[in-house]
Amino acid sequence: MPDTTSQRGTLHLPELLAPAGSPEAFRAAVAAGADAIYLSGKHFGARKFAANFSDEEIREAILFAHSHGVRVYVTVNILIHDREISGVLEYLIWLYENGVDAVLVQDTGIAALAHEMVPGLTLHASTQMTIHNAAGVQWAAEQGFARVVLARELSLEEVRTIAEETKDTGVGLEVFIHGALCYGYSGQCLLSSVIGGRSGNRGMCAQPCRKPWTLVAGTADEYGRPVRMQDVPARDRYLLSPKDLCTYRHLVELVQSPIASLKIEGRMKSPEYVAIVVATYRQALDAIATGTWMPSDTAEQDLSLAFNREFTDGYLFGHRHERLMGRDAPDNRGLRIGTVIRFDAAQFRAIIRPDGKYVPEPGDGLLIAHPDAGGETGFALNIRPVLMNGEIQVRVPRPVPPGSTVFITSSRELDARARQIAAKTGPGLHHPLPVDMTAVVNSEGLLVVSGSVERPDGRIVPITTRPEAILVPAESRPLSREMIARQLEKSGGTPFVVRSLLLDYNGTLFAPLAEINRLRREFFTATTEQLVDSYCPAIQEVQRIQHRWRVEAPRYPTRAPDSGTPTVPGPLRLGLYADTTEGVREAAVAGVDIICFEPYVIHPPNSCGQGGIFISPLPQLEEALAICHNHRTELVWKFPGITHDRYLHDMTRLLPVLENAGLAGCMVDNPGTARAVRAACPAIPILGSMGLNIFNHAAVTAAAPLFSRVTLSPELSRDDIALLRANLAARKISTECALVVQGTTDALVSADCLKKLLAPCGRQEMDTSISRKFLGIRDDSGQVYPVRGAGTCSTRIGNCSELCLIEYLPVLRTLGIAEIVIDARHRPPAYIRTICRIYRSAGSGSSPQPADSRRSGFIPSLKNEIDRVALGGITTGHFIRGLKE
């Protein structure tokens with residue numbers, strides 16, 4: 001892959017990657033010193049509510065950036081419907097033609113098609129791919145990715161380990177260093193989707209993690225439903241709201257680590273925010289490069305004033321739980337400047353004891369928080385404060401009680417400085433590109449200038465256009481070599497600096513200096529044009545791709561054919577997810593065809609963290625295998641959705657023993673884990689779970705080399721599935737597709753532990769009185785979302801209503817679904833017994849369809865029976881209406 005680090009001073013620096021949600025923010029990022037900028041077009045990006053860029057604005061951004069030595073990455077980091085594939089491929093071809101440096105991708109199917117259709121297009125694996133282990137990076141390398149944006153939940157130690165284990169792949173690693181954090185693992189969060197149909201996987205997250213929630217607890221009945229629920233007393237209400245990431249004080253460690261790119265989050269932020277944050281990190285990195293950097297309180301103050309929800313070092317530097325979460329408030333904290341010690345009612349002034357040196361100025365925004373008195377007072381300061389006896393006296397619009405905390409939420413001076421940074425148009429800004437110039441005056445007096453320019457990636461671009469000027473014999477004062485050299489070396493107003501000048505001239509001729517200046521300007525104009533052109537592919541290559549696309553385009557329809565989708569022969573197989581051996585036993589007795597067992601392991605106290613103590617699930621798996629053997633049922637080991645390297649290594653070591661004992665396969669949620677399973681046990685079948693985000697036929701096709709069966713995304717509608725299956729049939733792809741039809745859909749998985757709010761780490765698992773409890777979070781509409789542990793002090797949150805598609809089993813059969821799945825994890829035996837009986841009665845499973853299932857009113861009666869035992873009622877999810885677009 002191209003070298004994307006930058007050489008400044010004496011140290012090789014990682015790339016500083018800035019966000020741009022608008023053309024104005026883009027210019028600010030260039031001016032502030034970004035090495036690269038990521039942005040999105042009006043479609044196919046994960047920040048649909050940002051201003052984003054039109055095609056023409058993208059073209060202009062690429063031209064401007066490349067002329068200043070800055071790279072441009074465009075995000076196509078959402079899941080793509082089959083009906084959109086044609087449009088996405090045309091867009092990728094257009095981006096390639098216009099010289100984009102890389103495209104960030106989430107969808108594995110789109111990545112595979114891009115690699116096939118536009119092989120010269122550089123691809124980066126988005127953090128939405130949830131790559132969090134070395135096997136994931138190795139898989140990405142095999143798929144042709146040049147870079148992986150790692151999950152934010154990794155520690156720097158884990159990143160170093162991944163880099164060491166994947167150093168031979170050539171894949172660069174990118175990490176977030178500043179900005180907002182998601183509560184859940186990116187790419188695995190459906191919370192916004194299940195609440196209101198706005199999917200984060202489609203760039204439409206409504207940010208429910210920033211909403212108020214109430215922790216509730218109760219007792220679970222025999223079906224796992226909550227009874228006698230009560231609110232859990234809690235000081236804070238924003239239970240899912242993380243602080244903002246800030247690694248400013250850790251920059252030396254980051255620079256010394258094997259990281260290719262340091263990424264700032266913020267495509268929804270203002271140009272002023274981008275200018276201040278990028279400039280702050282740029283100045284720090286440049287000082288580190290020369291060995292002169294010391295962390296600056298002033299710089300940290302600027303970062304706080306730009307925007308913060310209170311800062312955390314993040315998972316990257318070991319912050320978890322309360323050091324990472326900001327559960328008291330979800331919005332900008334600004335800069336704390338002091339505490340109200342009294343209120344002067346006569347002058348309507350708050351008397352503030354300052355915390356530091358910052359004194360507010362007219363035009364600043366102030367927030368006085370007084371939660372004990374029930375709220376906040378926010379206002380713009382119009383009158384200069386009075387400084388007296390070490391106190392600050394500020395006029396306020398209403399009385400404020402003593403003890404209130406005072407924050408600056410906006411600074412007029414900082415905003416002015418940000419606008420000044422963003423407006424910079426000086427030579428080369430922060431990226432002067434070295435030019436090597438040759439000037440030759442021949443025997444006829446013709447002065448010809450040629451040369452080359454070096455791009456940031458080290459590529460030398462020759463300048464083929466050669467401006468000329470005529471010099472004549474001097475009558476009195478000839479132009480000296482020094483005069484010509486001085487004029488040619490002037491690069492002001494350009495993004496270049498003349499690194500070397502080879503001048504062949506005898507010093508006896510003359511021309512007006514204006515003529516030499518014209519020659520120089522023409523040379524630098526040609527240099528700019530040819531520099532920009534060097535990023536674009538050859539015209540013949542683009543024409544070849546476009547011709548191929550015209551041939552291929554008819555194979556990507558936008559709707560399923562009227563003839564329908566081929567039906568899979570035979571009955572719908574019935575699968576079930578279980579997490580206890582008791583659940584396995586009930587499912588096996590009920591005649592389920594295949595059981596995917598995800599053993600729920602109780603972790604001991606003080607084992608929290610991604611590198612926590614590994615508790616072997618082998619005893620539970622062996623017991624489950626014995627049960628399934630007795631009932632002639634297939635057992636598949638379902639791995640956790642998140643498998644950090646240490647845990648993955650310990651798990652895969654068990655596979656040969658379990659395969660010999662009759663294990664029918666492994667189910668995993670990401671391709672990296674599948675790769676690790678294949679390496680440990682080459683012959684064992686691998687099944688793909690919902691975490692794969694299978695959204696289109698191309699994703700199924702891309703999964704085929706590793707997976708014998710995949711589970712389709714729960715965000716697909718029946719129309720989406722119909723087109724997906726039709727496209728598979730047209731290409732004769734035989735990979736089987738499963739669909740979860742019953743159970744509580746996982747809304748997100750998080751490395752935070754909500755159970756810690758109920759009891760200290762470890763005790764909530766070891767104390768049976770706690771582990772039997774139902775735990776949930778309630779939103780302001782009264783809906784309760786179940787909360788479950790996900791091992792090593794992490795959290796899984798389920799939907800408030802249970803998915804139920806029992807009335808659509810005949811439709812699923814006509815759609816070509818091979819297997820329907822009941823997700824019965826975290827549900828007791830009585831629930832599993834009841835639900836399995838109901839679905840067997842409806843005609844699923846390998847046994848013949850009961851005659852009753854064809855009776856009018858029979859299926860509705862089964863649906864009513866499910867509703868009586870379901871957790872929070874039942875829903876068809878997105879199967880009928882689809883997602884909001």
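Trainee: How confident is the prediction, then, in terms of average pLDDT?

Mentor: The protein chain averages a pLDDT of 92, and 92% of the residues score at least 70. Watch residues 764–771, though: the pLDDT there is below 50, and the stretch has 18 contacts in the model beyond near neighbours in sequence.

Trainee: Back to the helix. Which residues of α2 are buried?

Mentor: I58, A61, I62, F64, A65, H66 and S67. Those buried residues pack against several elements, including α1 (23–32), β5 (71–76), α3 (85–97) and α13 (513–533). Just after α2, look at G69, which takes a positive phi of about 75°.

Trainee: Now a strand. Is β35 largely enclosed or open?

Mentor: Count the buried residues. In β35 (residues 736–743) seven of the eight are buried, so the rest of the structure largely encloses the strand.

Trainee: Which strands pair with β35, and in what sense?

Mentor: For each neighbour, check the direction and the bridges. Strand β34 (residues 709–711) runs parallel to β35 and is joined to it by three bridges, with R709 standing opposite E736. On the way from β34 to β35 the chain passes through helix α21 (residues 718–730), and this β-α-β crossover is right-handed. Strand β41 (residues 819–823) also pairs in the parallel sense, over five bridges; there, V821 is the bridge partner of V740. Strand β40 (residues 802–804) pairs with β35 in the antiparallel sense over two bridges, and G743 stands opposite L803.

Trainee: What about aromatic rings? How do I describe a pair?

Mentor: Use the distance of the centres and the angle of the planes. A search of the whole structure finds 13 aromatic pairs. One of them is Y248 with W293, edge-to-face, at 5.4 Å centre to centre and 85° between the planes. The two sit 45 residues apart, Y248 in the loop between β12 and α8, W293 in the loop between α9 and α10. Y248 is buried at a relative accessible area of 2%, and W293 is buried at 14%.

Trainee: And why is the pair of W549 and Y556 called tilted?

Mentor: Their planes lie at 35°, so the pair counts as tilted; the ring centres are 5.7 Å apart. Both residues, W549 and Y556, are buried.

Technical notes:
Residues numbered from 1 in each chain as written. Predicted model: local features only at pLDDT ≥ 70, side-chain atom pairs only at ≥ 80, totals over all residues. Heavy atoms only, no water. pLDDT = per-residue confidence, 0-100. Contact = heavy atoms within 4.5 Å. Buried < 20%, exposed > 50% of the residue type's maximum accessible area, 1.4 Å probe, protein only. Helix = DSSP H or I, 4+ residues; strand = E, 2+ residues; numbered from the N terminus. Pairing = 2+ DSSP bridges. Right-handed = clockwise from strand over helix to strand, strands pointing away. Phe/Tyr/Trp six-rings, centres within 6.5 Å; stacked < 30°, edge-to-face > 60°.
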